Amino acid sequence: MTIAEKPNLIGMPRAALESFLVQLGQKPFRARQLMSWIYSHGFDDFADMTDIGRPLRDELARCAGIRGPEILSAQESADGTRKWLLRMDAAQGIETVFIPEAARGTLCISSQVGCALDCAFCATAQQGFNRNLTSAEIVGQIWLASRELGPGPGGSRRITNVVFMGMGEPLANYRGIVPAIGVMLDDLGYGLSRRRVTVSTSGLVPQMVRLADECNVALAVSLHAPDDALRDELVPINRRHPIAELLEACWHYASRRNHRNITFEYVMLDGVNDTPAHAQRLARLLRGRPAKVNLIPFNAFPGTRFTCSPAAVIDRFRDILMARSVMTITRRTRGDDIDAACGQLAGRVQNRTRVRLGDRLHVGASHA
Ligand code: SAH
């Protein structure tokens, strides 16, 4: 067995780790010790795990690994935001961003190398899609960021929130994210509450319905347009799951979470989706529902044809929603100077598959 083939214990849910230990002839409670060393202490060497007897430490070193991602580059913004480019394979890189705020620290993680959904205004889409990340690679981002951030002021737990708002469409990698979320929520993993883990989706309806039953973490939905004609253009998955179907899945999701709000993300594109009429239509969709709106000032990237709405237009849009009792905030742009803001994560995507979702949808439409 080569080193690369040894199972990586990072990102392995507790039950899987327990069965792994049982296969080695060990007691399942050893999983507690291992998880505590891996996640609370950030260790990657079995030799340092002092409450585990030497024979077992040696055995684990022979047949398992604790392998975090490798840092290709690290940047820090003037506002304290940090971004890491992490190597996934020889040619691939994904990005992870840490956003410090007064009362919390949010880690924005990636779920795929690239993305296939082809949203018109997103830098990741331009990269195309290479592959899904494994649970180890998803949790590995938290493991690595925790190590890099170190024991900051207020204790070692500087990452209080995790959002799947980096590269990729998390619900298109359902099998990767569910075990990873398990480790995030596990007391012996990162012990985060369901309210502090947010899956952001462009609207993969069947997976939203599954997630409601299986994980029930906080949900953010990239709406970006109040009608199908415009959303078809901006977020091509809309041609498969139009707004009415998407919103139905949202209200179902909310009903499974004691009617906690769904966050609707809405990127502000100058002259495209930002008029008072758009705001009024959006308010009609969301009014009286468990919904809040996050307006995201568009972040530019090389080659984009969009520009951001002026601040006064964003304020007017917000005021129209608020006047109709739709809770709305404008997301503050963070890490713009290091290209770490929403939609700017490009990573390093090689050997991408030629077919992106938008292309497939075009093909499908021509047969219809
Ligand atoms: N695939 C997931 C995660 C994407 S990133 C999703 O679609 O929700 C998180 C948010 O950033 C999404 O709402 C996405 O639409 C938005 N976004 C993408 N490009 C952007 C850009 N250039 N400026 C601002 N927000 C952008």
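The model is predicted, so local features need pLDDT of at least 70 and side-chain atom pairs count only at pLDDT 80 or more, while totals for chains, interfaces and linings use all residues. Residues are numbered from 1 along each chain as its sequence is written, and side-chain values use heavy atoms, with hydrogens and water left out.

**Confidence**

- The protein chain has a mean pLDDT of 91; pLDDT is the predictor's confidence in each residue, from 0 to 100.
- A pLDDT of 70 or more is reached by 93% of the residues.
- Residues 360–368 have pLDDT below 50, and this stretch has seven contacts in the model beyond near neighbours in sequence.
- Contact means heavy atoms within 4.5 Å.
- Where pLDDT is low, the predicted coordinates should not be read in detail.

**The cavity**

- The structure holds one cavity of 30 Å³ or more. On a 1 Å grid over the protein atoms alone, a cavity is a set of points where a 1.4 Å probe fits but cannot get out, and lining residues have an atom within 4 Å of a point.
- Grid points are joined across faces, edges and corners, and a volume is the space filled by probe spheres set on the points.
- Its lining has 31 residues, and Phe 121, Cys 122, Gly 166, Ser 222 and Gly 343 lie nearest the centre.
- Helix 4 (123–127), strand 8 (197–201), strand 10 (262–268) and strand 11 (291–297) each give at least two residues to this lining. Helices (H or I, at least four residues) and strands (E, at least two) are DSSP runs, numbered from the N terminus.
- The cavity lining has 16 nonpolar, eleven polar and four charged residues. Ala, Val, Leu, Ile, Met, Phe, Trp, Tyr, Cys and Pro count as nonpolar, Asp, Glu, Lys and Arg as charged, and the others, Gly among them, as polar.

**The ligand**

- Around the ligand are 22 residues, of which Phe 121, Ser 200, Ser 222, His 224 and Asn 299 come nearest; each residue counted has a heavy atom within 4 Å of the molecule.
- Ser 222 places a polar side-chain atom 2.6 Å from a ligand oxygen atom.
- Glu 169 has a polar side-chain atom 3.2 Å from a ligand nitrogen atom.
- Thr 201 has a backbone N or O atom 3.3 Å from a ligand oxygen atom.

- The largest pocket holds about 940 Å³ of space. A pocket is an open set of points with protein on both sides within 12 Å along at least five of seven lines.
- It is lined by 38 residues, with Arg 104, Val 163, Met 165, Asn 294 and Arg 331 closest to its centre.
- Strand 11 gives the largest share of the pocket lining, five residues.
- The pocket lining splits into 17 nonpolar, eleven polar and ten charged residues.

**Two arginines**

- Arg 131 sits in strand 6 (residues 129–132). A polar contact of 2.8 Å joins its side chain to that of Glu 137.
- A polar contact is a pair of N or O atoms within 3.5 Å; within protein, one must be able to donate a hydrogen and the other to accept it, and residues adjacent in sequence count only if both atoms are side-chain atoms.
- Arg 30 belongs to helix 2 (residues 30–40). Its side chain makes a polar contact of 2.9 Å with that of Gln 33.
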